[in-house]
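User: I'd like to talk through this structure with you, starting with one residue and then moving on to whatever comes up. Could you take a look?

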Amino acid sequence: MMKDNLFNHGSRRKSRAEAGLAACLAVLILGLSHAPGLRAEESAEIAEETSEELHLASHRTGEECLVSHKTCDCGRWTCHICQSQCDCPLHRGQGVPHSATPGEDDLSPPLPRPDTATEGDGSSDDFAADTPPIDSIATDSSLAASFGATAAGYGDPAMIGDFFGGGYAKSNVSRVIALSAPGTILTGTPGDPSAQIAFNVSSFGANGNTNDLVTMGLGEDRILPSPDADTFAIAAPNSPTDAPTSPGYGFTFGGGEAHNPKGTFSTGDFWSIMYFYDLEVVVPAGGAQVVGRTKIAENSSPIPRDRVFFNYSLFDSVPLAPGGVTVNRYSPGVEKTFHNGQMSLELRTPFASTLNSTIMAGGTPETGHTEFGDILLTYKALLYGRRYWAMSAGFSITFPTSDGTSVSLGDGTPLVAIDRESFHVMPYLGWLLTDRDRWFSQGFLQVDIDTNGDPVYLNRFGEGLLPSGRIQDTNFLFLDVGVGYWLYRQSYAGRHGVRGVAPTMELHVNQSLNDADVVRVENFRIGDTRETISVVNLVLGGTVEFGGNSTLSLGYATPLGNGSDRAFNGELRAFWNRFF
């Protein structure tokens with residue numbers, strides 16, 4: 001023990017000598033900077049180098065940081081210039097959380113009494129007992145600083161995330177054409193089921209074509225019990241024709257029939273004719289529709305932080321339309337702590353280059369259109385923690401600021417409209433685990449609930465849009481877990497140098513809690529075609545930490561199986577954070 005004390009005493013004396021020598025050198029350089037013949041630029045450069053040398057020497061003293069001190073973080077000094085932490089020998093082993101040196105000023109706690117020490121051998125491990133209540137564990141320089149709430153130690157990287165959400169549904173919209181026209185027997189005899197009959201729809205025009213519509217196939221006896229046929233299927237109108245044809249772009253002939261009310265037929269009889277044109281309508285479904293949904297695990301940490309950030313996500317083949325759509329989503333935001341760093345509020349304003357929410361039925365989907373998403377507000381609070389782990393909870397709320405979806409014909413006739421009125425509430429639990437050096441792990445458990453749904457309007461009878469029900473977004477359970485390792489990290493790297501590099505791996509489970517909601521009215525089906533959704537995504541990425549209190553994270557998400565449930569084929573993510 002005496003030998004160790006002598007060794008430590010000798011080391012401290014040597015460190016103090018180094019610090020003193022650096023201080024003398026700083027004074028000498030400061031004097032030379034005013035000497036004649038020395039340029040101002042050279043003086044400033046030498047002074048800067050000396051200041052850095054003095055700063056580094058102060059860390060080697062094992063005491064306080066002479067240049068920038070001083071915040072004591074549960075037994076360690078935190079340097080607000082280089083954000084590093086060094087030993088605080090005055091309080092080593094006492095294990096008391098304090099926002100400044102005990103007894104230093106009126107705002108700091110009193111010096112601990114000897115009888116408050118925890119029993120044991122005096123090592124720091126003896127004081128890893130449960131932390132005090134939340135109002136004392138998470139100040140900027142205690143637990144919150146240890147896990148990265150402030151610029152003095154913004155800590156481990158945020159999770160990268162994986163989610164988009166949404167899908168699409170197909171509906172068949174039919175336009176019915178009904179008319180009466182005389183028939184002429186082309187082949188066969190009256191009443192013969194194998195006869196072919198032509199209809200002259202001259203009342204709709206006069207183009208000289210008497211075969212505007214013709215029957216096909218064998219006739220049937222439906223009206224009177226007799227061997228004579230009275231009902232035939234008809235083919236699409238011949239061109240040129242006086243019969244009404246497709247009502248718009250994208251419609252296809254859906255078949256029809258001709259009925260003779262006599263129960264038989266002969267040339268010159270008038271027939272009742274009805275035929276259809278169908279249009280396949282694709283309507284995006286899901287929260288925030290063409291921009292996508294957001295959850296807490298996207299560029300977020302369980303620990304409250306002061307930061308501004310910008311998120312970018314490139315989604316490949318999002319099922320918003322047949323064949324998929326490429327979506328580029330952007331989410332600027334800000335997070336601000338309060339209540340001594342224990343809580344925070346975060347605001348995100350997503351927008352995307354994506355599918356146009358105003359869709360022309362039967363046309364080519366318009367992609368690359370800028371659409372605003374639902375604003376996200378998140379409340380976060382630390383619940384409990386020790387020095388190397390913490391737990392938080394909170395909730396997010398999305399506000400319906402995105403555009404609704406509308407589908408219309410090429411001539412502007414509206415078919416479908418979905419107004420955006422849905423508020424989502426998303427409570428969550430978060431956790432963060434670290435070791436004393438390099439490993440860290442974090443995760444979230446979150447539920448996403450649509451509280452009120454969106455109203456749906458349909459043009460069912462060609463008389464305009466009418467209220468036809470409400471559609472609820474699918475509720476989800478999210479489980480997000482990630483691990484990482486600091487391959488490289490140093491305490492000081494200048495203002496723009498690299499301070500750390502940490503690769504990460506994440507697993508995200510997204511499970512629907514209910515069947516997808518669908519509005520079915522006549523020929524319309526509005527909603528996600530998938531009933532239950534189960535998606536598992538793997539994310540590989542990493543974070544680079546810079547000396548200017550900023551981080552840059554990159555990651556790539558890939559679905560693990562999932563089949564038709566997958567929300568994309570692949571996703572590239574890039575996040576920038578600036579802590580303050």
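Analyst: This is a predicted model, and a place to begin is Leu186, which is found in strand 4 (residues 167-187).

User: Is Leu186 buried, exposed or partly exposed?
Analyst: Leu186 is partly exposed, because its relative accessible area of 40% falls between the 20% limit for buried and the 50% limit for exposed.

User: And what does Leu186 touch, setting aside residues up to four places away?
Analyst: Leu186 touches Gln196, Ile197, Ala198, Asn211 and Val214 once those sequence neighbours are set aside.

User: Which residues touch the most other members of the largest nonpolar core?
Analyst: In that core of 55 residues, they are Phe199, Ile273, Tyr275, Val281, Val416 and Ile526. Strand 9 supplies the largest share of this core, with seven residues. Tyr275 is in contact with, among others, Arg175, Ile177, Leu213, Pro237 and Phe253, leaving aside neighbours within four places in sequence.

User: Switching to charges, how many salt bridges does the count come to?
Analyst: The count comes to 20 salt bridges. In one of them, Arg307 pairs with Glu346, with the closest N and O atoms 3.1 Å apart. That pair links distant parts of the chain, since Arg307 is in strand 10 and Glu346 in strand 12 (residues 343-348), 39 residues apart.

User: Are Arg307 and Glu346 buried or exposed?
Analyst: Both Arg307 and Glu346 are buried, and they belong to a network of salt bridges that also links Glu335, Arg348 and Lys380.

User: What about Glu298, where does that one lie?
Analyst: Glu298 lies in the loop between strand 9 (270-285) and strand 10 (307-318). The side chains of Glu298 and Arg329 are joined by a polar contact of 3.2 Å, and the residues that Glu298 touches include Arg348 and Arg573.

User: Why does Glu298 count as buried?
Analyst: Glu298 counts as buried because its relative accessible area is 2%, and the limit is under 20%.

Notes: Residues numbered from 1 in each chain as written. Predicted model: local features only at pLDDT ≥ 70, side-chain atom pairs only at ≥ 80, totals over all residues. Heavy atoms only, no water. Helix = DSSP H or I, 4+ residues; strand = E, 2+ residues; numbered from the N terminus. Buried < 20%, exposed > 50% of the residue type's maximum accessible area, 1.4 Å probe, protein only. Polar contact = N/O pair within 3.5 Å; in protein donor to acceptor, adjacent residues only side chain to side chain. Contact = heavy atoms within 4.5 Å. Core = buried A, V, L, I, M, F, W, Y, C linked by side-chain atoms within 4.5 Å. Salt bridge = Lys/Arg side-chain N within 4 Å of Asp/Glu carboxyl O.
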